[in-house]
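Here is a friendly tour of one structure, written for someone who likes to know the cut-offs. Please have the model open as you read.

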Amino acid sequence: MTGADIMVKCLEKEGVKDIFGYPGVAIAPFYESVRASKINAVLVRTEQSAAHAASGYTRINKEIPGVCAVTSGPGATNLITGIATAFADSIPLICITGQVKSELMGGDVFQEADITGACESFVKYSYLIRDVDDIPRVFKEAFHVANTGRKGPVLIDVPIDIQQADVRRFNYPDEVNMRTYKPTVKGNMVQINKVISELEKAKRPLIYAGGGVLLSDAGDKLEEFAAKHNIPVVSTMMGIGVIPTEHPLYFGMVGNNGKAYANRAVAECDVLIVVGARVADRAVNQPDLITKDKVMIHIDVDPAEIGKNAGPSIPLVGDASYIFDDLLVKDYEADYGEWIEILDGYRERLREKEKESKDYVDAPAFIRALSKSMKDDSVYVADVGQNQMWSCANVIIRDGRFLTTGGMGTMGYSIPAAMGAKLADKSRQVVAVCGDGSFQMSMCELATIRQNKLPVKIIVFNNGYLGLVRQFQHFNYAGNYSVVDLSGNPDLEKLSSAYDIPFIRVHNNTEVDDAIKKFLKNDEAYLMECIIDPMAVV
Amino acid sequence: MKRIYSVLVENRSGVLSKVAGLFSRRCFNIDSLAVGETNDPHVSCMTIVSSGDKRTIEQIEKQLNKKLDVIKVKTFEENASISRELMLIKVKYNKNNRRDVMENCDIMGASIVDMSKTHMIIQMCDTPERTSLFINMLNGVSIVEVARTGCLALQKCSEE
């Protein structure tokens with residue numbers, strides 16, 4: 001057996017069935033061992049997609065971290081944006097990189113990059129394996145670290161000679177023993193009682209849910225808690241779908257791209273329960289002032305998150321799922337009916353007006369129609385740009401998932417993430433929605449979709465511009481557009497036929513319903529292009 | 001506000017850069033940083049002196065605790081600790097100022113540990129304030145080189 005065989009055995013022990021990657025000399029021994037195993041390796045068309053695909057995979061699989069494996073040097077550096085994206089959204093990944101021979105390291109040899117050094121500020125932890133006997137312990141620790149506490153990517157850099165080294169035996173440790181890593185999952189009872197007593201006194205409480213709720217799979221418990229006490233819920237972008245978007249207690253996404261009535265709710269509530277959210281600048285204006293007129297309860301598994309951007313009145317460290325378990329067994333009397341009525345009024349009054357557009361597809365109306373027609377448990381992946389803002393504001397999520405990159409805002413995320421999501425659960429419908437800019441950042445993955453027969457559905461909002469930047473320039477630079485014109489776009493019909501993927505182009509609203517029917521009908525890959533008004537703004 | 005962080009870390013390669021990188025990335029100040037092995041060879045102790053407002057001080061401790069190589073973080077104010085810094089100064093002297101230099105050393109409890117006909121190395125171990133003061137006192141003498149370890153600190157026995 002070799003070190004590479006051990007690496008693959010470790011993955012098997014962790015239950016890994018699929019990995020995403022791009023081989024090269026420095027990771028060749030590993031891929032040779034993968035070939036001889038039952039693990040399915042998907043060849044992406046650029047390394048960044050490997051990390052995004054692994055991200056989409058684990059967000060749907062929920063059990064094990066997504067795994068990607070690439071070669072040293074440029075392979076590893078190409079992976080960096082994907083790792084940073086996962087880190088910003090706390091997505092558990094195992095990123096394996098090949099490295100040059102141990103004895104050559106530090107000599108600036110061919111395809112050498114100090115990848116553990118380069119990634120230091122956006123991995124949860126990283127390992128550079130110097131001894132082949134460390135492989136089982138490192139893998140055991142890596143999977144544990146990535147998938148517990150505040151989740152995140154873990155990088156394992158393995159020099160080629162370590163992969164080739166002979167090993168006698170394989171012993172996978174049963175448990176990890178790390179004296180420096182013991183995340184708190186159960187909330188402190190004193191704090192939990194304080195939360196209940198604040199809620200008892202409250203007149204206008206509000207739950208503000210972030211991606212952390214989904215990461216700890218606590219959406220159902222949050223919904224149960226909100227429904228039990230009649231507490232309204234708003235979400236961050238990463239939290240969309242924590243409870244069904246059409247739930248009467250759901251009041252939309254907060255933030256400068258969110259719903260006016262959601263922001264109004266945050267401004268006027270007297271007790272704000274922030275769960276699994278970092279309260280960043282995009283979501284809340286002046287987060288440091290949030291506690292001046294309200295009690296803020298901050299629930300997060302990462303103690304460093306609490307008080308980082310906004311000072312909480314009641315910090316509560318723990319995993320959202322455990323905390324809602326504890327909160328759910330507590331009973332108290334309170335009536336927030338009046339507050340809900342006020343919010344219902346805001347929702348009615350501040351609802352955006354429907355825009356009529358005859359010559360183009362109206363993106364918001366299209367997204368509502370599309371997500372309404374999608375299956376209840378389907379996965380909607382939004383990319384970055386105007387498409388993301390329109391998606392966040394209009395998507396209807398019932399029992400399904402809304403995936404996007406909220407923290408980093410990495411263009412090109414949707415197609416590889418959708419591939420990963422589909423591979424994680426083939427029974428679910430998966431739709432990636434991107435703009436013409438973000439589509440072209442990942443369109444090489446059409447080949448991966450074709451090769452692996454992944455029935456991923458892709459929608460491209462084509463407005464011939466980097467729309468969100470153009471819009472920004474429109475409002476902030478007196479309409480002087482600089483380097484946002486995408487007039488070199490390919491003909492998407494020809495492009496999809498080159499990849500043997502069925503195609504439909506939608507020119508205006510009247511064509512939308514029929515097109516969506518066709519698009520969603522079969523479980524097959526499909527590309528739909530929507531012609532959007534080039535001057536449309538979010 | 002000034003704070004001293006006494007940080008026990010795993011004695012592994014790369015840990016220093018991880019901890020130092022954390023400070024630069026999050027825009028925390030480092031006034032001084034000193035590292036050395038403890039009585040357990042697997043554990044190193046880093047003494048970091050930093051300053052910032054209340055939120056920053058709290059964040060530094062939390063972010064340090066979050067690092068997987070960090071075993072334990074102790075934070076204390078200067079007056080709750082005994083702090084020392086070792087300094088070596090090489091000066092160029094002449095017969096006019098030689099006596100002055102020696103007198104200054106006497107007053108400040110510094111010792112001359114090496115000497116030639118033109119140069120001497122002075123060693124001083126004291127609080128960072130007094131080592132700085134000593135540099136000021138040598139103003140009239142031409143200082144060739146200064147090496148300081150940075151502050152080492154332990155919490156006072158009475159605070160345990």
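## A bridge between two strands

A:Phe461 has A:Cys530 of S18(A) as its bridge partner. These residues come from a predicted model, where local features need pLDDT of at least 70, side-chain atom pairs count only at pLDDT 80 or more, and totals for chains, interfaces and linings use all residues. Residues are numbered from 1 along each chain as its sequence is written, while chains are lettered from A and ligands numbered from 1 in the order in which they are written.

Strand S16 (residues 457–462) and strand S18 (residues 526–531) of chain A run parallel and are joined by six bridges. Helices (H or I, at least four residues) and strands (E, at least two) are DSSP runs, numbered from the N terminus, and two strands pair if DSSP finds at least two bridges between them.

## The sheet in chain A

Zooming out, the open sheet has six strands with parallel pairing, in the order S14-S13-S15-S16-S18-S17 of chain A. Strand S14 (401–403) and strand S17 (503–506) of chain A each have a single partner strand, so one side of each lacks a neighbour in the sheet. From one strand to the next, the twist averages 15°.

Helix H15 (residues 386–394) of chain A packs on this sheet and touches strand S13 (379–382), strand S15 (430–435) and S16 of chain A. The direction of H15 makes about 130° with that of S15(A); axes are lines fitted to C-alpha atoms, for helices over the stretch in contact, and angles run from 0 to 180 degrees between N-to-C directions.

## Two domains in chain B

Now for chain B, which is divided into domain 1 (2–76) and domain 2 (83–155), with bounds from an automatic or database domain assignment. Their centres, taken over C-alpha atoms, are 28 Å apart.

Nine residues of domain 1 of chain B and eight residues of domain 2 of chain B take part in the contact, a term that requires C-beta atoms, placed from the backbone, to lie within 7 Å. On the domain 1 side, S2(B) gives the most, with three residues.

## Where the chains meet

Between the chains, 14 residues of chain B are in contact with 11 residues of chain A. On the chain B side, helix H1 (15–25), helix H2 (54–66) and S4 each supply at least two residues, and H2(B) has the largest share, six residues.

Notes:
Contact = placed C-beta atoms within 7 Å.
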